[in-house]
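The following note sets out points for a colleague who has the coordinates at hand.

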Amino acid sequence: MESVSHENRKFEPHPDFAKDAYIGSPEAYRELYEKSIADPEAFWAEAAEELDWFKKWDKVLDESEAPFFKWFPGAKTNLCYNCVDRHLKGPNRNKAALIWEGEPGDTRVLTYQDVHREVCKFANGLKQIGVKKGDRVAIYLPMIPELTLAVLACARIGAVHTVIFAGFSAESIRDRINDCGATCVITADGGWRRERVLSLKNTVDEALEGVDSVSNVVVVKRAHGDPFPCHYKEGRDHWYHRLVQDQPIDCPCEEMDAEDMLFLLYTSGTTGKPKGIIHTTAGYMLYTYLTTKYIFDLKPDDVFWCTADVGWITGHSYIVYGPMQNAATQIMYEGAPNTPDEGRFWEIVEKYRATIFYTAPTAIRAFMKWGDKWLEKHDLSSLRLLGTVGEPINPEAWIWYHKQVGAERCPIVDTWWQTETGGHMLTPIPGATATKPGCATVPFFGIEPAILTDEGEEVDAGILAIKKPWPGILRGIYGDPERFKDTYWCKWDGKYYFPGDGARRDKDGYIWILGRVDDVVNVSGHRIGTAELESVFVEHKDVAESAVVGVPHEIKGQGLIAFVTVIQGREHDDHLRKELVEMIDKSIGKFARPERILFSSDLPKTRSGKIMRRLLRDIAEGKELGNTTTLADPSVVEELQRQYEEA
Ligand code: WTA
């Protein structure tokens, strides 16, 4: 990360923005921040008063079983109630909640009243087919309103949703369903992406072969069976429109305990299969509510647009739960940013007069590449705040975003957080924090970051750590409490949460994220464990061993390079390469395809047999290789280097 270490431009919040912001000065931020750290329980309890509870808490934070923290024990509430029902009492009842646009150009608008009715009918439909509180429901849907409705319907009846991004393969779906024992799947016949229909239901059918736990599949008609007429399995499958049509328009909210499980979301780690991250009710609710309010400075007449997919944590926290608790009007778009042309996003901003726009650096880099002409055709003057999430943003992309999209008027919030953190952790407070291109800047309220060595000493550049628990923190890994403790809490003897990122603190005290310190690679903002790909490759009969590394990529942020050792005497050619790519598509999904696959007779290893990934990264980046004398066989590296240059 050479470029960010020399970056010292600084942009003060625009005075026009600051004057109306919730937090409009550095002093206002500092005062609230200090309060939140000095007495976190008082801070969070006060914020919690802004939400609705069936019963208030006995205590704010219970640390007695750390790291299994409990927030607001004794309280009873419901997330769906806070996202929908509480807005029906006042002027928000007929406010647009969702302004949805399909990729082919069809549109739908749902008010909060509409959302309430549709969610209640959906929830009643789920109950009718036997879904109960605590059951796990897998959701595999395109970006259509029913995705948000399905999530809220689960929350309403206390079913634990596990949304699976619609780009995942049948095998990935199966693994997730088997891991959590889901009993019901909600999917669609298809969804639009780049003018083609993705056949989601067929993928689900394939996934369910050999799965015992699922007894019901609810199918939303989106693509109208064309060109993928989907199979209908009597007794198991239910058309959504038929299931809900005669349901009562009201459905009581389940009174959830503060620590009742809300959802599972699978994410990649360093080893083995993806892990089911557990989020629970009250803490996640409050954390997404408050971060949305302050970080997006969300006001009643804003038109909010987060371009993420609900299949990732960003969509959970900043499409469904955060914005809806704040009674936001938001845009939801089904398809690709370059369909029918590269101006689609800007057309949508102009059409609905979006005021807040939240996207990923990888998208920003693609827009830059496509050229300014796509923006110039559209009126973007409605925008007042921009955000980024998912990966480090390079200063060049930041400056382009600031100038071309934000017209040097809109603050940019570069939000660092994770599936595990539930919501924003490090981020500028718009209106208060002067921003620097590529820098996630300062902690949100209640968050106490530190930068440590492996031994736990504070340093200016090292490993990011978080000191105190916050309400949105994950509560565990589904079915694997030991892995939860090992992964996040063992590094510094339980004293800090370990996120897996490197960081640097500058002279102003700002924190810069330097990327992962483990074997997780961030491809277009999608978290991929290199071990996942490696375990797929070695399943091939001709493959002996494999190592996958991440390297910088112009648009995707990082790309994957796979080094594969073939069993002696077996062919390694383009045919094998094709088979390996197909295996990745099948086991994970197309988005996890490596940029390149290199074959070699061996991998560089230390004398004790450990693969030297750093050397592989250097080879893949075309760097000068340092000392290779510790290698068991230095000639391996030469062969790989030669191949890399030839390929
Ligand atoms: C990376 C996405 C730099 C980081 C919300 C983290 C970022 C991982 C940023 C989590 C950012 C996310 N700057 N890096 N603003 N935001 N990351 O779980 O490495 O999909 O650990 O959550 O993305 O990815 P996840």
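1. Buried means under 20% relative accessible area, exposed over 50%, and partly exposed in between, with a 1.4 Å probe and protein chains only. By that criterion phenylalanine 72 is buried, with a relative accessible area of 0%. The model is predicted: local features need pLDDT of at least 70, side-chain atom pairs count only at pLDDT 80 or more, and totals for chains, interfaces and linings use all residues. Residues are numbered from 1 along each chain as its sequence is written, and side-chain values use heavy atoms, with hydrogens and water left out.

2. Phenylalanine 72 is in the loop between strand 2 and strand 3 (76–77), where helices (H or I, at least four residues) and strands (E, at least two) are DSSP runs numbered from the N terminus. Although phenylalanine 72 is not a glycine, its phi is positive, about 55°. Together with Leu126 and Tyr321, Phe72 touches the most other members of the largest nonpolar core, which has 175 residues. Such a core is a set of buried Ala, Val, Leu, Ile, Met, Phe, Trp, Tyr and Cys residues joined through side-chain atoms within 4.5 Å.

3. Contact means heavy atoms within 4.5 Å. A second, separate core of 29 residues includes Phe367, Ile393, Trp398 and Cys410.

4. Which residues come nearest to the ligand? They are Asp414, Thr419, Asp501, Arg516 and Arg527, out of 17 residues around the ligand; a residue is near a molecule if one of its heavy atoms lies within 4 Å of it. By class, this shell has six nonpolar, six polar and five charged residues. Here Ala, Val, Leu, Ile, Met, Phe, Trp, Tyr, Cys and Pro count as nonpolar, Asp, Glu, Lys and Arg as charged, and the others, Gly among them, as polar.

5. A polar contact is a pair of N or O atoms within 3.5 Å; within protein, one must be able to donate a hydrogen and the other to accept it, and residues adjacent in sequence count only if both atoms are side-chain atoms. An N or O atom in the side chain of aspartate 501 is 2.5 Å from an oxygen atom of the ligand. For arginine 516, a polar side-chain atom lies 2.7 Å from a ligand oxygen atom, and for arginine 527 the distance to an oxygen atom of the ligand is 2.7 Å. The protein covers 97% of the 530 Å² of accessible area that the ligand has on its own, by the Shrake-Rupley method with a 1.4 Å probe. Helix 12 (313–325), strand 20 (412–415) and strand 25 (511–516) are the elements that give two or more residues to the shell.

6. Helix 14 (residues 361–370) is largely enclosed by the rest of the structure, because seven of its 10 residues are buried. Those residues are Pro361, Thr362, Ala363, Ile364, Arg365, Ala366 and Phe367. Their cover includes helix 13 (344–352), strand 18 (356–359), strand 19 (385–389), helix 16 (395–405) and strand 29 (557–566). Glycine 371 follows helix 14 and has a positive phi, near 105°.

7. Leucine 152, in helix 7 (residues 145–157), is buried, with a relative accessible area of 0%. Beyond residues up to four places away in sequence, leucine 152 touches Cys80, Cys83, Val84, Val115, Val119, Val320, Tyr321 and Met324.

8. Is arginine 475 buried or exposed? Arginine 475 is buried, with a relative accessible area of 9%, and lies in the loop between strand 22 (461–466) and strand 23 (476–477). Its side chain makes a polar contact of 3.4 Å with the side chain of threonine 280. A polar atom of the arginine 475 side chain also lies 3.1 Å from the backbone oxygen of proline 471.

9. Two cis peptide bonds deserve a check. One joins alanine 66 and proline 67, with omega about 5°; the other joins threonine 339 and proline 340, with omega about 0°. Proline 340 lies in the loop between strand 17 (329–333) and helix 13.

10. Serine 524, in the loop between strand 26 (520–523) and strand 27 (526–529), has a positive phi near 50°. At 22% relative accessibility, serine 524 counts as partly exposed.
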